[in-house]
Structure formats: structure tokens, C-alpha cells
Amino acid sequence: MDSTSTKRRRVQRSPSPQYKIEDDDSYEPYVPVAQRRQAKLAKLTSWGTNNEKDKAKLQQEEEEEKEDEEREEERRKERARKERTLLMEAQEVHDKRAVEDAKKTDAEKAEEADAEILAAIASRRKLASDLELAKGVQYMQSLKTSWRPPRFVRERTEEQHQRLRDKYHIIVDGEDIPPPIDNFTDMKVPEPLVKFLKSKRITIPTPIQLQGIPTAFAGRDMIGIAFTGSGKTLAFCLPLIMFALEEESRLPFLRGEGPVGVVLCPSRELATQTYENVLIWTAALAKDGRYPQINTLLCIGGISMGEQSHVLNKGIHVVVATPGRLIDMLEKKRFTFDNCKYLCMDEADRMIDLGFEDDVRNIMSFFKRQRQTLLFSATMPRKIQDFAQQSLVKPILVNVGRAGAANLDVLQVVEYVKQEAKMVYLLECLQKTPPPVIIFSENKNEVDDIQEYLLLKGVEAVAIHGSKTQEERQYAIKSFKSGAKDVMVASSVASKGLDFNDIQHVIIFSMPKEIEDYVHQIGRTGRSGKTGIATTFVNMNTPEQTLLDLKYLLMEAGQKVPPFLLTIDDPRAAQGGSLKGCPVCGGLGHGISNCPKLEDTQRRQMASHRGDDDRGGY
Ligand SMILES: Nc1ncnc2c1ncn2[C@@H]1O[C@H](COP(=O)(O)OP(=O)(O)OP(=O)(O)O)[C@@H](O)[C@H]1O
């Protein structure tokens with residue numbers, strides 16, 4: 001800017017709080033432009049000179065002044081723009097948002113609120129161990145194994161693979177997905193084991209096995225989701241047994257060496273059952289004489305590890321454990337995970353979900369090298385899937401049916417039974433099918449009351465819940481499994497993963513608040529392709545939201561919905577909102593903001609912060 005214009009600006013501005021005059025001494029009163037022009041004209045006229053030169057000069061000066069004025073006006077506007085207060089801007093943003101909000105429907109607003117809650121709970125740390133997180137270790141490639149699909153399978157096109165998946169309703173997601181194989185022999189499962197499985201009527205792989213076993217054999221991290229009773233145990237145990245066989249054949253394990261892999265379970269009962277399966281399958285291999293003995297250790301609370309000393313004194317190939325006892329053993333260095341490279345979590349959503357996440361992270365910190373991680377469950381809400389997926393290496397998702405959907409082989413009957421009429425009606429219900437029957441109740445005292453009532457009525461019943469001793473629990477399972485007892489009354493302890501022979505009928509005496517628990521409970525029947533019945537008692541004590549979850553689940557499974565359930569309206573439908581399942585529990589009848597599981601988890605977390613958490617199952 002030149003000095004003339006500076007000066008001109010000074011004279012043109014009247015003092016105001018906003019435009020401070022820099023040099024008061026040079027102040028000149030403001031003379032409007034028109035007045036100045038008049039003065040100039042008068043001056044020229046008075047000189048009596050009317051020549052062309054003077055006129056041109058006057059014109060030029062006028063033009064310059066005009067330009068100056070325009071420039072000044074521009075600057076003024078610019079300054080005004082810059083000096084708009086933040087408050088004004090904030091007000092504008094607020095007004096704009098208010099207009100946008102007014103346009104949104106209640107359902108859209110609710111959806112936004114749900115997304116915010118989900119984002120808040122999803123911001124948890126990854127599942128990688130503390131050590132891995134601290135060292136910033138991040139594995140980018142999956143583990144390499146020596147397993148290859150047979151050549152004729154490799155030569156199939158991707159379209160052929162997909163056709164096979166479509167045939168069995170298998171949904172997969174991930175990079176470089178190994179091919180599905182619909183035959184155990186083609187999967188290269190050792191012949192004596194194939195023979196043994198055949199003797200147990202396991203001849204054709206189930207959908208989760210057909211895609212899950214090749215995926216695990218190929219060393220890939222995976223999330224396996226499939227209906228209750230669809231053979232997930234074999235899908236994750238077989239690969240571990242094969243890896244153990246391979247390592248033992250290469251260099252036999254000596255005392256203090258191993259394990260090759262570990263299977264983590266959320267309850268002692270489930271761990272015991274998985275352990276027994278591994279024992280049977282590895283024994284079938286060893287019996288053949290061509291394969292080495294695989295040593296398996298059961299590592300659960302409530303049993304003396306002295307009983308397992310015969311295994312601890314040898315090299316260990318496989319460990320089946322509950323988290324609490326496993327951490328204890330690792331801390332005492334009874335064995336190490338220095339060479340462990342396979343970690344499978346059964347009922348994984350439970351393990352990660354209900355406050356056991358830190359235990360799992362702690363267990364992971366004992367691994368000294370890259371591992372293959374597998375998560376399996378019948379219910380795996382989106383929140384857990386997202387969370388787990390971030391923590392696995394190039395994971396493959398193998399999904400058979402919707403996660404959390406009921407097994408279609410179970411006939412679901414829901415009956416309205418008044419609280420005081422339940423016991424009597426229970427006896428009537430027991431007549432529906434021959435034994436064995438399981439009765440579920442949410443409450444330990446109620447479990448005891450039901451057992452007592454049935455015993456009085458001459459029904460051979462055992463009971464199992466978290467407050468029973470380990471011996472009592474073992475006795476109940478053993479006598480029920482062997483057929484010595486006809487009825488087992490259980491709290492949710494027995495609902496997850498336990499595989500009893502040919503349960504005919506499941507009676508849910510009190511409907512659990514969380515629909516996932518219901519799915520697991522009815523899933524004790526209708527296993528391995530057989531059909532079963534589930535009768536559920538509901539009444540006015542059952543929360544409406546639970547009833548809505550139940551209504552949608554029945555509709556999804558194509559089951560008969562009783563009239564009293566049909567009359568319950570979904571408030572979300574009234575708002576015109578979407579009826580997507582809850583990402584926290586998978587329930588179809590509510591959103592995240594009123595998820596009973598989220599409430600429970602938060603309550604549990606608060607309890608654990610206070611130090612009064614009950615981890616009874618361990
Ligand atoms: N390919 C197969 N063909 C027939 N039966 C099978 C097959 N694979 C496993 N089974 C049998 O099916 C039953 C259920 O298997 P398993 O306990 O592994 O189910 P699951 O999917 O883990 O169920 P849950 O989700 O309830 O734990 C078992 O008795 C098992 O022996």
C-alpha cells in the first residue's frame with residue numbers, strides 16, 4: 001500500500017471502537033467525496049482555465065479516487081468478514097443442525113444414537129496380548145502350514161467352490177479363502193480317524209466342518225459361526241490334533257515340552273466334554289499303530305492337578321482349559337506357551353464378552369511366537385465379530401446361518417403359563433416326550449426347588465448350577481449322560497456347548513432375559529441332524545422386550561407364533577425405523593440402547609471394579 005492511500009484512509013475514517021486511528025496528530029476531518037469534487041471544480045473554474053488538459057487531469061483524479069474508494073470498500077468488507085465472532089459461527093452451525101434435526105425422523109435419530117453407543121463400546125483395545133500391544137508387534141501374514149488341498153480340489157474354479165458353499169448356505173468373508181471340501185478323506189484326515197468317525201455315524205462333514213476344517217488346516221485365523229449342535233468341536237479340534245501329530249512325528253515331545261495348542265472354554269463342563277472328545281479321537285489314531293500318542297491336559301478349576309500328573313510328566317501336545325486355571329498354571333510355569341501356536345476359543349463371544357476379555361489378553365501374553373487364533377460360537381453378535389476381526393491376522397469368517405439364529409431342527413413351542421401354575425404344568429409337559437429331558441431355570445434356588453418337586457413326584461432328576469460343588473456337578477452330568485437319570489434341571493451353566501445324547505425335549509421354565517441364552521438352551525436338543533422339541537414358559541413377568549426378541553426369532557425360524565406374542569407391537573416399527581438386530585446381543589426385537597445384555601455387562605463391570613465379581617464357572 002502506498003503512503004498516499006494510507007493517508008487517505010486515515011482521513012476518510014471516523015473514529016470508532018472498531019477502527020482505531022493509529023496517529024491522532026494527523027487526524028483531519030472527513031470531507032465527503034462529492035464535496036471534494038465540487039471544491040476542485042470550483043477551483044478550476046475560478047482559475048478561468050477551461051482547457052482540455054485540466055479537464056483530463058480532473059477526470060483522471062476522479063477515476064483514481066473512485067478506484068481507491070472501491071478498494072477501500074473491499075478491504076472493509078474483508079475485515080468485517082474476518083471479524084465475525086466465533087459465537088456467530090457457532091450459532092449458525094447450531095441453527096443449521098437444528099434445521100437438519102427437524103427433518104430427521106425419530107427412527108433416524110434413534111439409529112444415530114445407537115451408532116454412537118456402538119462406537120463408544122467398540123473403542124476397546126484390540127484382543128492382542130498386552131505384550132504384543134506394548135511391543136507394537138503386528139503380524140501381517142497368516143501362519144504357514146504344510147497342508148495343501150488335494151490337486152483335484154486345487155484345480156476347481158472359484159465358481160465351483162462357491163457353488164458348493166451356496167449348496168450348504170455357507171457364507172464366507174476374507175482374503176484368499178481356502179476351498180470347501182465335502183469329504184474327510186479329501187481333507188487328508190488320517191484314515192483310522194475317518195474310520196472311527198464313521199463308526200460314530202460321522203460320515204459327511206457338516207457345513208461348518210466342510211469350510212472350517214480346510215480353513216484351519218491352512219493355518220488361517222478364523223471366526224466360525226454355526227448353529228448349536230452342528231459339529232463345531234470337531235472343526236476346531238481336528239486341526240489341532242493334526243498339527244500335534246505332525247510335530248510329534250517330526251521330533252517327539254519330552255517332559256516339559258509343548259503344548260502345540262490350547263482350546264479355551266467358558267465353563268468347566270464344556271472344557272471337560274471337549275477334553276473327552278480329544279481323548280477319544282487321539283486314542284483312535286494311536287490304536288492304529290501308525291500314529292504317535294498325543295497327550296492332552298485338562299486344565300480347569302475345581303480339580304486337583306495331581307490327577308493330571310501322568311500327563312504333566314510327559315510332553316503335552318494339547319491343553320483344554322478354562323481361563324482362570326490356565327493362567328494359574330502358566331504363572332506357576334507348570335508348562336509354557338513358548339512353542340504354542342494354536343489358540344481356539346469355544347463359545348468365544350462369551351469369553352470376550354462377559355468380563356473375561358482381560359483374562360484372554362493375559363493368556364495371549366504367554367505366547368512367544370505368532371499363533372493361529374480361532375473363535376467359534378453359535379451366537380456371535382456383530383460387535384464381537386468386528387472387535388475380533390481387528391485382532392486376528394487376515395481372518396476368514398465362516399458363517400452358517402445368521403449368527404444367533406435358532407437351530408431349525410428344534411420345534412419351538414412358547415406357552416403362556418401363570419407363575420403359580422408352572423410347577424404343575426411342568427409335570428404335564430414332561431409327558432410330551434420320553435426322556436432324556438433338560439429343564440432350564442435362570443435362578444439357582446428355582447433349580448433346587450424344581451428338582452425337589454420332581455423327586456417328590458417320583459421323577460429321576462439331577463440338578464446343576466454354579467453353587468454346586470465340582471463333584472456334584474460332575475455327578476449330575478455323568479448320571480444324566482449315562483441315562484441313569486431322566487431329567488436334568490440346570491441353570492445356564494449347562495446350556496452352552498454341552499452335548500448330551502439325543503435330548504428329546506428342552507423345557508425352559510423361566511425365559512432368560514438374553515435371547516442368546518435362549519438360543520443356546522433350546523440348542524441342547526435337535527443336535528447332529530436330529531429333531532427335538534423346546535417348550536418355553538412365559539408370563540407377565542417376562543419383559544416385553546424379551547418377548548419381542550422371541551417373537552422375531554420364531555418368525556425367522558418359520559415357527560408358529562402364539563397369538564399373545566403376535567399382539568406385541570414393536571415400538572421401532574411404530575416409529576418407522578429399521579428392525580435390524582441388536583449389534584450387542586443379536587436380539588431382533590430391540591436396538592442397542594435398550595439391550596439387556598449391555599446393561600448386564602455394565603453392571604458386571606462395575607461389580608468387578610468393586611472387586612465382588614463372581615467368576616463361579618472357573
Ligand atoms: N459330521 C457330522 N455328522 C454327524 N454328526 C456329527 C458330525 N460332526 C459332529 N457330530 C455330532 O454332533 C453333535 C454336536 O456336535 P458339537 O457338540 O460339536 O456341536 P456344536 O456345534 O459345538 O454345538 P454347540 O454350539 O451347542 O456347542 C456331537 O454329538 C457330534 O458327535
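Predicted model: local features only at pLDDT ≥ 70, side-chain atom pairs only at ≥ 80, totals over all residues.
1. Start with the overall division. The protein splits into domain 1, residues 147–400, and domain 2, residues 410–568. Taken over C-alpha atoms, the two domain centres are 29 Å apart. Domain 1 brings 20 residues to the contact, and domain 2 brings 21 residues.

2. Next, the interface itself. About 1600 Å² is buried between domain 1 and domain 2. Carbon and sulfur atoms account for 46% of that area. Five residue pairs are in polar contact between the two domains, with both residues of a pair at pLDDT 80 or more. On the side of domain 1 that touches domain 2, helix H12 (268–287) and helix H15 (348–353) each supply at least two residues. H12 gives the most to that side, with five residues. By class, that side of domain 1 has five nonpolar, eight polar and seven charged residues.

3. How many salt bridges cross the interface of domain 1 and domain 2? The rule finds one. Look also at glutamate 269 and arginine 473. Their side chains meet in a salt bridge, at 2.6 Å from N to O.

4. Now helix H9, residues 191–199. Its buried residues include Pro192, Leu193, Val194, Phe196 and Leu197. The buried residues of H9 pack against H11 and H12. H12 is also the helix that gives the most to the side of domain 1 touching domain 2.

5. Threonine 233 sits in helix H11, which covers residues 232–250. Is threonine 233 buried or exposed? Threonine 233 counts as buried because its relative accessibility is 19%, and the cut-off for buried is under 20%. Beyond its neighbours within four places in sequence, threonine 233 is in contact with Thr274, Asn277 and Trp281.

6. Serine 479 belongs to helix H20, residues 470–482. Serine 479 has 8% relative accessibility, so it counts as buried. Leaving out residues up to four places away in sequence, serine 479 touches Val462, Ala484 and Lys485. Valine 462 is 17 residues from serine 479 in sequence, yet their C-alpha atoms are 8.1 Å apart. A polar atom of the serine 479 side chain also lies 2.8 Å from the backbone oxygen of tyrosine 475.

7. Two peptide bonds deserve a look. Most peptide bonds are trans. Glycine 258 and proline 259, however, are joined by a cis bond, with omega about 10°. Proline 259 lies in the loop between H11 and strand S3 (261–264). Proline 435 and proline 436 are also joined by a cis bond, with omega about 0°. Proline 436 is in the loop between helix H18 (422–430) and strand S10 (437–440).

8. Backbone angles come last. Most residues other than glycine have a negative phi. Arginine 201 is not a glycine, but its phi is positive, about 65°. Arginine 201 follows H9, in the loop between H9 and helix H10 (207–217). Its relative accessibility is 70%, so arginine 201 counts as exposed.

9. Aspartate 502 is not a glycine either, and its phi is positive at about 40°. Where is aspartate 502 found? Its place is the loop between strand S12 (487–490) and strand S13 (505–508). Aspartate 502 counts as partly exposed because its relative accessibility is 38%.

Methods
Residues numbered from 1 in each chain as written. Heavy atoms only, no water. Helix = DSSP H or I, 4+ residues; strand = E, 2+ residues; numbered from the N terminus. Buried < 20%, exposed > 50% of the residue type's maximum accessible area, 1.4 Å probe, protein only. Contact = heavy atoms within 4.5 Å. Domains from an automatic or database assignment. Buried area = accessible area lost by both parts, 1.4 Å probe. Salt bridge = Lys/Arg side-chain N within 4 Å of Asp/Glu carboxyl O. Polar contact = N/O pair within 3.5 Å; in protein donor to acceptor, adjacent residues only side chain to side chain. Nonpolar A, V, L, I, M, F, W, Y, C, P; charged D, E, K, R; others polar.
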